[in-house]
Amino acid sequence: MCDGLVQRLLSLYYSKEEVIYVSSLLISWSSSEEALSWLNEPIPAFGHMTAIEACEKGLSEHILTYLIQIENGSFA
């Protein structure tokens, strides 16, 4: 249910491949409800902007890099 909502929201800022990657990554770390919540939670590394706010400001690639770093074990 929320998977589709997460993907629709991400599709505003990412290519189809990136949407699949990001949504799968977030959902693998938690549930789809938590993934949706995470997109709207302030991120200290981004000046307490949410991931959605960062994407709206043209920083979607930065969010993608941030997630890749977390996936690869870097502290973000």
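The model is predicted. Helix 2 and helix 5 cross in a left-handed sense. Ring pairs join Trp38, Phe46 and Tyr66 into a cluster.

**Helix 2 and helix 5**

- The axes of helix 2 (residues 16-29) and helix 5 (residues 60-71) come within 11 Å and cross at roughly 45°.
- That angle makes helix 2 oblique to helix 5.
- On the helix 2 side, the contact is made by Glu18, Tyr21, Val22, Leu25, Leu26 and Trp29, which meet Glu61, Leu64, Leu67, Ile68, Ile70 and Glu71 in helix 5.
- The residues of this contact between helix 2 and helix 5 comprise 9 nonpolar, no polar and 3 charged.

**Aromatic pairs**

- There are 2 aromatic pairs in the structure.
- Trp38 and Tyr66 are stacked, at 6.5 Å centre to centre with 15° between the planes.
- This pair links distant parts of the chain, with Trp38 in helix 3 and Tyr66 in helix 5, 28 residues apart.
- Trp38 counts as partly exposed because its relative accessibility is 24%, whereas Tyr66, at 11%, counts as buried.
- Phe46 and Tyr66 form an edge-to-face pair, at 5.4 Å centre to centre with 80° between the planes.
- Phe46 lies in the loop between helix 3 and helix 4, 20 residues from Tyr66 in helix 5.
- Both Phe46 and Tyr66 are buried.

**Thr50**

- Thr50 sits in the loop between helix 3 (32-39) and helix 4 (51-56).
- Its relative accessibility is 9%, so Thr50 counts as buried.
- Leaving aside residues up to four places away in sequence, Thr50 touches Leu39, Asn40, Glu41, Pro42 and Ile43.

Technical notes. Residues are numbered from 1 along each chain as its sequence is written. This is a predicted model: local features need pLDDT of at least 70, side-chain atom pairs count only at pLDDT 80 or more; totals for chains, interfaces and linings use all residues. Side-chain values use heavy atoms; hydrogens and water are left out. Helices (H or I, at least four residues) and strands (E, at least two) are DSSP runs, numbered from the N terminus. Buried means under 20% relative accessible area, exposed over 50%, partly exposed in between (1.4 Å probe, protein chains only). Contact means heavy atoms within 4.5 Å. Axes are lines fitted to C-alpha atoms, for helices over the stretch in contact, and angles run from 0 to 180 degrees between N-to-C directions. Angles under 35 degrees count as roughly parallel, over 145 as roughly antiparallel, 65 to 115 as roughly perpendicular and the rest as oblique. A crossing is left-handed if the near helix is turned anticlockwise from the far one by less than a right angle, and right-handed if clockwise. Ala, Val, Leu, Ile, Met, Phe, Trp, Tyr, Cys and Pro count as nonpolar, Asp, Glu, Lys and Arg as charged, and the others, Gly among them, as polar. Rings of Phe, Tyr and Trp (its six-membered ring) pair if their centres lie within 6.5 Å; planes under 30 degrees apart count as stacked, over 60 as edge-to-face and the rest as tilted.
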